Amino acid sequence: MKPYRIEIPEEALNDLRSRLERTRWPDDLPETGWSRGVPLAYLKDLAAYWAKEYDWRKHEEELNRYPQYIAEIGGAKVHFLHVRSPEPDAMPLLLLHGWPGSVVEFLRVIGPLSNPRAYGGDPRQAFHLVVPSLPGHGFSGPLREAGWTDGRVAGALVELMRRLGYGRYGVQGGDIGAFIAPLMG
């Protein structure tokens with residue numbers, strides 16, 4: 001396992017903004033709303049927001065507040081946040097995002113779950129958190145081979161928890177994570 005820090009090069013952000021601004025838009029289908037996909041006006045507004053208003057550096061800084069790592073497991077890079085509770089007897093908890101999703105889904109609960117005392121909660125309800133980017137998602141990067149079924153992902157995450165020294169832990173999963181979590185059991 002190697003420590004990881006998100007540092008997207010400015011050139012990549014500039015390239016994305018430029019491509020968004022140069023998008024060649026198709027004609028809109030009249031009076032279809034959402035029945036035939038994303039309405040063109042909505043998509044144009046979203047692209048304009050990403051090109052001109054979205055502050056990636058602010059979000060990058062927020063993500064980098066948490067300890068992050070990359071582990072090579074079964075031929076795949078697995079990115080994860082590992083936030084240990086100040087409570088030494090905290091229970092380990094693996095949080096699995098959905099699709100399309102990422103570790104960002106959990107940013108608002110990391111503090112209260114890992115350090116409930118700081119949020120007015122019971123310190124006996126603290127968790128050591130492991131929040132992976134599922135293989136093939138987010139900062140885990142692309143998969144190099146086929147065959148990454150829910151079962152294979154579950155096996156990789158069991159291995160990750162073993163490497164972290166956790167033999168017993170809870171698992172929470174939403175969306176696709178809800179298919180992976182029971183397979184880990």
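Q: Where is Trp34 found?
A: Trp34 is in the loop between H1 and H2. Helices here are DSSP runs of H or I with at least four residues, strands are runs of E with at least two, and both are numbered from the N terminus. The model is predicted, so local features need pLDDT of at least 70 and side-chain atom pairs count only at pLDDT 80 or more, while totals for chains, interfaces and linings use all residues. Residues are numbered from 1 along each chain as its sequence is written, and side-chain values use heavy atoms, with hydrogens and water left out.

Q: Why is Trp34 called exposed?
A: The rule takes under 20% relative accessible area as buried, over 50% as exposed and anything in between as partly exposed, with a 1.4 Å probe and protein chains only. Trp34 has 54% relative accessibility, so Trp34 counts as exposed.

Q: What makes Trp34 part of a nonpolar patch on the surface?
A: Patch residues have over 30% relative accessible area and no salt bridge; nonpolar side chains (Val, Leu, Ile, Met, Phe, Trp, Tyr) are joined within 5 Å, and like charges within 9 Å. Trp34 forms such a patch with Leu16, Trp25, Val38, Tyr42, Leu43, Leu46, Tyr49 and Trp50. Together they have about 840 Å² of accessible area, by the Shrake-Rupley method with a 1.4 Å probe, where for residues only the protein chains shown count as cover. Helix H2 (residues 40-52) gives the most to this patch, 5 residues.

Q: Why does Asp175 count as partly exposed?
A: The relative accessibility of Asp175 is 45%, so the label is partly exposed. Asp175 is in the loop between strand E6 (170-173) and helix H6 (177-184). Phi of Asp175 is also positive, near 55°, in a residue other than glycine.

Q: What makes the contact of Glu10 and Arg57 a salt bridge?
A: A salt bridge is a side-chain nitrogen of Lys or Arg within 4 Å of a carboxyl oxygen of Asp or Glu. For Glu10 and Arg57 the N to O distance is 2.9 Å, so the pair meets the rule. Glu10 lies in helix H1 and Arg57 in helix H3, so this pair ties together parts that are 47 residues apart in sequence. Both residues count as partly exposed, Glu10 at 35% relative accessibility and Arg57 at 30%.

Q: How do you know that Glu21 and Lys52 meet in a salt bridge?
A: Their N to O distance is 3.3 Å, so it falls within the limit of the rule. The pair links distant parts of the chain, with Glu21 in helix H1 and Lys52 in helix H2, 31 residues apart. Lys52 has a relative accessible area of 62%, so it is exposed. Elsewhere, salt bridges that share partners join Glu10, Arg17, Arg57 and Glu60 into one network. By the rule the count comes to 11 salt bridges.

Q: What lines the largest pocket?
A: On a 1 Å grid over the protein atoms alone, a pocket is an open set of points where a 1.4 Å probe fits, with protein on both sides within 12 Å along at least five of seven lines; lining residues have an atom within 4 Å of a point. The largest pocket is lined by 18 residues, with Tyr54, Leu63, Ser102, Val104 and Glu105 nearest its centre. H3 gives the most to this lining, 4 residues. The space in this pocket is about 450 Å³, a volume being what is filled by probe spheres set on the points, which are joined across faces, edges and corners.

Q: Which residues line the second largest pocket?
A: They are Ile8, Ala12, Leu13, Leu16, Arg17, Trp50, Tyr54, Trp56 and Phe139. Helix H1 (residues 10-21) supplies the largest share, 4 residues.
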